[in-house]
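Welcome! Let us take a friendly walk through this structure, one feature at a time.

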Amino acid sequence: MDVVEHFDAPCSPAELFTWVDDLARYPAWLSIVTRADAEPAGDAWAVELRGRVGPLARSKRLRMVRTVLQPPRSVRFERSESDGRSHAPWVLEATVDGVAEASRLTMALHYGGGWWGPVLERVLRDEIERSRPTLLGLVSGPTR
């Protein structure tokens, strides 16, 4: 599964980038990410994803490592479990382009497993749509 989405915001690329370069900030604006606890080293997070379709809910725990960090332009996170077993890949890339007061965020998620298949993609797209106003409020809110 590959999902690519864009988000335009009335802020500088640096301001927008602060919301995507640290997975610990994702639960504030993306409800499918219910937890993202940073590990002491600083470039890895224990992430819990939770999706709901009607009365059914499913959660998934991943260990994600930041493999690329080029502020304020790009960041990449990849699944990297520490249990020695092979796991389906999860790769999240965020790229921010723009000028002083206008930015565009492009987020690309690749998932190489079969966890709910097409249902996961639908849940994810619905969550992305619901997250847009929240993220917009955070980047254009009163603290600007």
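Predicted model: local features only at pLDDT ≥ 70, side-chain atom pairs only at ≥ 80, totals over all residues.

Two of them are set out here.

| Aromatic pair | Arrangement | Centre to centre | Angle between planes |
|---|---|---|---|
| Tyr-26 and Trp-29 | tilted | 5.0 Å | 40° |
| Trp-45 and Phe-77 | edge-to-face | 5.5 Å | 80° |

Why does the pair of Trp-45 and Phe-77 tie together parts that are apart in sequence? Trp-45 belongs to strand β3 (residues 44–53) while Phe-77 belongs to strand β5 (residues 74–79), so the pair connects parts 32 residues apart in sequence.

Another ring has a charged partner. Arg-25 sits over the face of Trp-19, 3.6 Å from the ring centre.

Next comes a helix. Helix α2 covers residues 118–139, which makes 22 residues. From its first C-alpha to its last, α2 reaches 31 Å, close to the 32 Å expected at 1.5 Å a residue. Where does α2 have its kink of about 35°? The kink is at Ser-131, shortly before the proline Pro-133.

Ser-131 is also one of the buried residues of α2. Others in that list include Leu-120, Val-123, Leu-124, Glu-127, Ile-128, Arg-132, Leu-135 and Val-139. What covers the buried residues of α2? Among the elements that do so are the strands β1 (2–9), β3, β6 (90–99) and β7 (102–111), together with helix α1 (13–17).

Finally, let us go back to strand β5, where Arg-79 is found. Is Arg-79 buried or exposed? Arg-79 has a relative accessible area of 17%, and buried means under 20%, so Arg-79 counts as buried.

Which partners does the side chain of Arg-79 reach? The side chains of Arg-79 and Glu-81 are joined by a polar contact of 2.9 Å. The Arg-79 side chain also reaches the backbone oxygen of Ala-88, at 3.1 Å. Setting aside neighbours within four places in sequence, Arg-79 is in contact with Lys-60, Arg-61, Leu-62, Arg-63 and Met-64, as well as His-87, Ala-88 and Trp-90.

Key
Residues numbered from 1 in each chain as written. Heavy atoms only, no water. Phe/Tyr/Trp six-rings, centres within 6.5 Å; stacked < 30°, edge-to-face > 60°. Helix = DSSP H or I, 4+ residues; strand = E, 2+ residues; numbered from the N terminus. Lys NZ or Arg CZ within 6 Å of the ring centre and 35° of its normal. Expected span 1.5 Å × (residues − 1). Bend = angle between axes of the 7 residues up to and from the residue. Buried < 20%, exposed > 50% of the residue type's maximum accessible area, 1.4 Å probe, protein only. Contact = heavy atoms within 4.5 Å. Polar contact = N/O pair within 3.5 Å; in protein donor to acceptor, adjacent residues only side chain to side chain.
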